Amino acid sequence: MSGEGVGPETGGAFLMALVVIVIAGYPYYIIFSMLLNNTASATEAGVYFIVYTGFIGGMLATWGTALGWLMLTLLLLLSISYPWLLGASERRAMWKMDLEDLAECDAFIRRAPTIVDNYDRAITICRRRGEYARAIQYAEAYLAAVGEDFKMQRRLEQLKRMLRRQTLGSKICPVCDTENTPGAAECIRCGRLLALPTDVVAGCASETGLRALAATTITLLAIGIALALLRSSALAIGIVFVSAFVTAMTYVYLRR
Ligand SMILES: [Zn+2]
């Protein structure tokens, strides 16, 4: 078994290999258990797998050089982000529970279509999950069943407003509560600055943004490994890998 590590000859490199195997092994274990427990989609697990493998590839490509130690550090930092992955995993388990609760609400609603409690419960679950379109369906179904209900009508209006904000990405002014257009740099009513750096992170939090982040990470890793194999400048390789690290961490953080 020990004969497999052909490349490294120094004791330091061997020790490094051992450390890498230990710290890299755990995230793989997490990724596979998430996949087996069905708490991560195949795509998501695939992204984690490719990204981790990419960093290990980068590590192997910069083997024995000073850059190798930077790679080891990045890999270590990436590995300790696994609680975020577990967070994502728990959220998915929670979503399963929500689905069961919603199915129960649906069953109750079918049996007693005029009892508001079941609709309320379903709307609360959908709202918490940011699924405003579905919440609106419940509110409308209740109104269709009972005709008129002032409280539910107000709730419906509120949900429609939230859905609009969500789909348009319109910005709500934190000072005066005015709704501004998505690209607005300042509030049309009070003039407060609305273009904040957090907007960039918020923009990445969409499905498209996450896909772009994953693609960027994987591309950067591929470039980094290619540069390392071509024995390009250590600075260039370092910059590419650190960039890949930043996008990977942002991805995992937003997924959590
Ligand atoms: Zn304002």
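**Exercise 1. State what share of the protein chain is buried**.

Solution. Set the cut-off: a residue is buried if 20 or more other C-beta atoms, placed from the backbone, lie within 10 Å of its own. Apply it to the 256 residues: 25% are buried. The model is predicted; local features need pLDDT of at least 70, side-chain atom pairs count only at pLDDT 80 or more, and totals for chains, interfaces and linings use all residues. Residues are numbered from 1 along each chain as its sequence is written.

**Exercise 2. List the elements of the protein chain in order and judge its spread**.

Solution. Helices (H or I, at least four residues) and strands (E, at least two) are DSSP runs, numbered from the N terminus. The chain has 10 helices and 2 strands. Their order from the N terminus is α-α-α-α-α-α-α-β-β-α-α-α. Now take the radius of gyration, over C-alpha atoms: 25 Å. The C-alpha atoms fill a box of roughly 80 × 50 × 25 Å along the principal axes.

**Exercise 3. Describe how helix α3 packs with helix α10**.

Solution. Take axes as lines fitted to C-alpha atoms over the stretch in contact, with angles from 0 to 180 degrees between N-to-C directions. The axes of α3 (residues 66-79) and α10 (residues 234-255) come within 11 Å and cross at roughly 0 degrees. The two helices are therefore roughly parallel (an angle under 35 degrees). Next, find the contact residues (C-beta atoms, placed from the backbone, within 7 Å). Helix α3 contributes Ala66, Leu67, Leu70, Met71, Leu74 and Leu78. Helix α10 contributes Ala234, Ile237, Gly238, Phe241, Phe245 and Ala248.

Technical notes:
Parallel < 35°, antiparallel > 145°, perpendicular 65-115°, else oblique. Contact = placed C-beta atoms within 7 Å. Rg over C-alpha atoms; globule rule 2.2 N^0.38 Å. Buried ≥ 20, exposed ≤ 12 C-beta atoms within 10 Å, placed from the backbone.
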